[in-house]
Amino acid sequence: DFAPGAKGNLKPGLKNQNASHQFGPSSSVRVNMSYALYKASGGYISCGFDGYVHTSGRHEGIDITRRVGSAVHALTSGQIINVVHGSNGGSGLSTIAVYNASLNKTIIYLHSAPLSSLRVGQQISRGQVIAEEAWHGVSSRNKAHTHVEMRRGRQTRAAKSVGDSTLSNPNPNSFWVSQGYNVR
């Protein structure tokens, strides 16, 4: 067994036995990503990666929905590299960018209300509360969700989605599986 993100070589006798390899944790030990984000049931993925149906552009992240005011938990550990405290409504976009140096990935959370205590440079832990569900940068309360985006390297902002026909981010599903989550 290899820990998530760890590298290693298989024993010579196993390298050609591909039918018996299992990559990533088994689904029975993974937690649903929507549950991990809120630490409560009732959350669900409302739009998957590249899942826009009625909006022009390519969807660069995963939208997860639960009632306004629900606690939002970090899905990975890392350092806060950008915090924008938005406001409810279409023009008040909020952003939390968390860089994990060992993974060389930035996880960006949009639309939720960052805790007032979050500061650039702060280290956070996986599972730590970082925000409340809100509708910052979203047109109405009934469209509240948290947009979770995985980006390569150190990035402070989300990739452009609405109106952009190019995908800037890789499909994150295998990354989330490697972190112990079911993408649901």
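A contact here means heavy atoms within 4.5 Å of each other. With that in hand, welcome to the protein chain: among its contacts between residues at least 6 apart in sequence, 66% join residues at least 24 apart. This is a predicted model, where local features need pLDDT of at least 70, side-chain atom pairs count only at pLDDT 80 or more, and totals for chains, interfaces and linings use all residues. Residues are numbered from 1 along each chain as its sequence is written, and side-chain values use heavy atoms, with hydrogens and water left out.

View 1. Helices (H or I, at least four residues) and strands (E, at least two) are DSSP runs, numbered from the N terminus. Read from that end, the elements follow the order β-α-β-β-β-β-β-β-β-β-β-β-α-β. Of the 184 residues, 42% are buried, meaning under 20% relative accessible area with a 1.4 Å probe and protein chains only (over 50% is exposed, and in between is partly exposed). The mean pLDDT, the predictor's confidence in each residue from 0 to 100, is 89, and 88% of residues reach 70 or more. Residues 18-22 have pLDDT below 50, and this stretch makes three contacts in the model beyond near neighbours in sequence. Where pLDDT is low, the predicted coordinates should not be read in detail.

View 2. Strand 9 is joined to strand 5 (residues 78-84) over two bridges, in the antiparallel sense. Look here for Gln79, which stands opposite Gln123 in strand 9.

**View 3. Three strands make another open sheet, in the order 4-10-8.** The pairing is antiparallel, with strand 4 (71-73) and strand 8 (113-114) as the edges. Strand 4 meets strand 10 (residues 129-132) over three bridges, and Val72 stands opposite Ala131 in strand 10. Ser70 lies in the loop between strand 3 and strand 4. Ser70 counts as buried because its relative accessibility is 4%. Leaving aside neighbours within four places in sequence, Ser70 touches Tyr38, Ala131, Glu132 and Glu133.

**View 4. Met150 sits in strand 11 (residues 146-152).** Met150 has 4% relative accessibility, so it counts as buried. Not counting residues up to four places away in sequence, its contacts include Lys105, Thr106, Ile107 and Phe175. Trp176 is another of its contacts; Met150 and Trp176 are 26 residues apart in sequence and 8.9 Å apart in space, C-alpha to C-alpha.

Notes
Two strands pair if DSSP finds at least two bridges between them.
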